[in-house]
Amino acid sequence: MTAATFSPDDAWALTARHETLPVLSPDGELLALTPEELRRRAPHGPFLIVHAPATARRSRLGFLRESPCFDLLELFAFIHPARAAAPTPRGLALSLGIEETETGVTLLPRLLSRLLADLRQQAAGPLAPILRASARQLTEAGWIWGSTVRDALGDGPTSSADPLRVWQSLPKWEESAPPPPPAAQPVTAAEARARLHDLLGPTAEMRAGQADFAAAVTAAFLPRETRGAPHVVLAEAGTGTGKTLGYLAPASLWAERNGGAVWISTYTRHLQRQIEAETRRLHPDDALRRERVVLRKGRENYLCLLNYEDMVVNAATRPPAVRIALLLLARWALATREGDLFGGDLPGWFSEFAGSGLLTAVADRRGECIHGACPHYHTCFVEHSVRRAKHADLVIANHALVMSQAAWASMGSAEDEDQDTPDEDTLPTRYVFDEGHHISDAADSAFSAEFSGLEAAELRRWLLGAEGRRSRARGLRRRLDDLIIGMPALETPLDAVLLAARALPAPGWSARLNGDDRNGNDPDRSPPAAPPADPVLPELPPQTGLSGVFLPAEPQAILIPDEAVLANPSEALLRQLRQQALARTSGREPGQRQHGQREPGQRETGQRETGRRDNAECDLHPTSPGLEEAAQALVRALMRLAEPLKTLIHRLKARLSEDTDALDSTTRTRIEAMIRAIRRRALSRIEAWTAMLEQISRTEAEEGPPTYIHFIRIARQHGQKPGEYDVGLHRHWLDPTIPFALTAAAPAQGLLITSATLRDETGDQNEGRAEAAWDMAEARTGASHLPAPALRAALASPFDYARQTETLIVTDVNPEDAEAVAAAYRTLFQASGGGGLGLFTAISRLRAVHRRIAAPLEAAGLPLYAQHVDAMDNASLVDIFRTETESCLLGTDAMRDGVDVPGQALRLVVFERVPWPRPDILHRERRLHLSGGQPKDYDDRIARLRLRQAFGRLIRSAEDRGVFVLLDRRTPSRLLDAFPRGVTPVRTGIADAVARVSRFFTPQN
């Protein structure tokens, strides 16, 4: 990013390629150079590039990292912040409206010329003063584009405001009256059809299936007749039906008519973006669309202005690259619509320039928000979004947010009969769950519980703060200090909380936990004795507090000797859990490499490509010696933590009522927010952990299927150092759609659950099989747990798959031979001329294939991109794949679902093997208890539905044509019903498959 004095006019332009690079010299000479030749010809640069980090990585040009590079993406980020662009020359050209008379490296000078022309135009506009101020600071920080940008802006007024202090210029939200409850007027089928016609436009051809879908789903918007019995519509819409506009038509009509919001929930970010784009048909005007349509995500996705300010205050002491990144981020913060750092209008490639650590540092972090105490509360992006959602017509959210919001609301109503602390969101009455086949997966994550080292240490950090480490973590005392200072009734329980929190894992817990075996503990020998009961926390006489609540008296001093760490009850339990998991797991310890292991034929389940195991897990029962005693000690410690937390909540609520005349609105808001935060961030988690730990002592077996599944897992977690693994006790619902039905579905008045793959259709669909397929769909979506029967609708895809597609199953490639699989991918991608999507069931196999085929494909003019290899988010990779029609893309399940790439950009899908469910403890228990006595059919159903999703990526419009290839010779015939009617898979060898693919895409004379 930084350089001394260089000019882009003197730069060598180049684009990313393996081996030979296309290069345009400063004199305009077009060359083809190897990396070594380029280094000899231009040892000191400078270089003109699009996406320098990716170019250096893909072209093996390590010296670029130390060379001055004029990266056009950086210039684009300054001139057009919050504008979408794929990070390639063609992607920038499309975003800038440049017709591609040149391609590749010769396009770069035109891109530079257009960008500078756009900047000169902005220099005559209202943003010119702040642009000049930003350019001045960027130049002072050493930004290589600084002089060029300042020359383009020219002389003129310069803002005296610091361009980094964006919070001074952001709009403030203003509180408004809460919206009244929505009415319940229905939407008729005819009205839905008419609205759909308006959305499509008068000249558009009405598709019968889309109109029928819009009419059928109006049943979800009927007035509810019985409390707890919402109207449910299960609607399977085949690919190409146009279901997004099909449900937007009645949903928008209902919202306008009744003055309420319809929440549209998706599983993937890809689909959130697609739905938001479709709402432009509904509201072409940007300002009106911002008012009527709101995108909601979890807080951790948004820019936190307080964290950002912490970075800005110390910007002068930070490296120049960080200051430059902050200034470019400030440009985006003033232009963004939502403030969403991840998957929003901040380009996914920005993190490669700024570093993922910077974005993580300025993002909102779980449990850290101080709400009304924040000086930026009224400019907060999250608070803006929350308040806009209350008055919107359509809220586009995700399954995780919807389920967590419903769970907290149900917990709040159970604990607060008088609703003293209302939720920040009012639960909607109408939902649309798109990607409904993922409801069970989302619920499994949302309603599970985990006691692990990382989770418990995070709670300790939230309660105690940084504990002397370099961190901006705010402990509970810092959050509450000015609210409770001088009030013994509140200070006392807070002190008790902070004392009891020391029973959670102390700093350095991971090194101590993972150092057991290195220190000589034999995992096969008997575990050490259980810790002494109730370590660290002394017995204190009770004291009567406000409102008659008892709690420990305020301690005079807290002195914890070093040896107390060894008696830490949380760490003692983690050691016992780890010991049991290692003892009962076959094979190697996680992180231990198998001596002499060969890559071909390597088992991938639970293993990295290097031969290291990712994780190990075992059942909780029967428990090993010492585990029960350790659990009981921790339960007592957690109860000592929970009681003063409850007291603190109770007394904070009492202050709201007793000091009504003395509290200003800001203080009241802060107290309410802290009550909610303590419940959500601490108390609910402690109660879940206590319930889990109490199960350890249970010895009697449950009658019938269990409600929960408990197991122990050792796993490498994000952010842990090499060789360090977390261990945790996990609890999952056997059927996670039960809590979804109870907390999210039952309180609503109407739900539409839709997907292209709700049912598992097999064989000839007689009446019995069709009914069974619908029954399974209801079970997967939670509809079977609701009292009112669901209305069922199925709309077939309008595509002619027999004409538009060909499906091949390759029979002579060993799926365990990485060389053979890679060769198959390479030849198939070359036969199609690019446009290939390669899907994998394991990250390690994806990386192994990518390593082998990237160079030969690049040499053939077919750029290869890969999830888990390229340091870009999935949205950026899909944007590149959609833009670069000769490129190929490798991905895992995130690319299998929700990706919409119509046209020639995606014309070949290659799946490396049958996507069987992962054979872990969760799957074992569910196939045993939820399969109706047919576990094999349960496995087959999962695999078929995943194959249907993968096949659905191939054809997205009536003009598309494509080939689907499955590289698994072991594919059983019973899975072939996954493919649409009219598709007849052909089993053949790889040579014939390549020939067929080549013929399929060869123009017919």
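**Cavities, helix packing and backbone geometry**

The largest cavity holds about 160 Å³ of space. The model is a predicted one. Four cavities of 30 Å³ or more are found in a search of the whole structure. The lining of the largest cavity comprises 17 residues. Nearest its centre lie Cys304, Leu306, Asp364, Cys369 and Cys374. Helix α13, residues 305-313, supplies three lining residues, the largest share. By class, the lining of the largest cavity contains 10 nonpolar, three polar and four charged residues.

Two helix pairs were examined next. The angle between the axes and the distance between them describe two packed helices. Helix α8 (residues 189-200) and helix α9 (residues 208-216) have axes that come within 8 Å. These axes cross at roughly 135°. Helix α8 is therefore oblique to α9. The crossing of α8 and α9 is right-handed. On the α8 side, the contact is made by Ala189, Ala192, Arg193, Leu196 and Leu200. On the α9 side, Gln210, Ala211, Asp212, Ala214 and Ala215 take part. Seven residues of the contact of α8 with α9 are nonpolar, one is polar and two are charged.

The second pair joins helix α31 (residues 818-832) and helix α32 (residues 843-859). Their axes come within 9 Å and cross at roughly 35°. The crossing of α31 and α32 is likewise right-handed. From α31, the contact involves Ala818, Glu819, Val821, Ala822, Tyr825, Arg826, Phe829 and Gln830. These residues meet Val849, Arg852, Ile853, Pro856 and Leu857 of α32. The contact of α31 with α32 divides into nine nonpolar residues, one polar and three charged.

The backbone was then considered. Most peptide bonds are trans, and most residues other than glycine have a negative phi. The peptide bond from Gly45 to Pro46 is cis, with omega near -5°. Pro46 sits in the loop between α1 (35-41) and β4 (47-49). The peptide bond from His621 to Pro622 is also cis, with omega near -5°. Pro622 belongs to the loop between β14 (615-619) and α26 (627-658). His51 is not a glycine, yet its phi is positive, near 70°. His51 is placed in the loop between β4 and α2 (52-58).

Note on methods
Residues numbered from 1 in each chain as written. Predicted model: local features only at pLDDT ≥ 70, side-chain atom pairs only at ≥ 80, totals over all residues. Heavy atoms only, no water. 1 Å grid on protein atoms, 1.4 Å probe; cavity = no way out; pocket = protein on both sides within 12 Å on 5 of 7 lines; lining within 4 Å. Points joined across faces, edges and corners; volume = space filled by probe spheres on them. Helix = DSSP H or I, 4+ residues; strand = E, 2+ residues; numbered from the N terminus. Nonpolar A, V, L, I, M, F, W, Y, C, P; charged D, E, K, R; others polar. Axes fitted to C-alpha atoms, helices over the stretch in contact; angles between N-to-C directions. Parallel < 35°, antiparallel > 145°, perpendicular 65-115°, else oblique. Left-handed = near helix turned anticlockwise from the far one by under 90°. Contact = heavy atoms within 4.5 Å.
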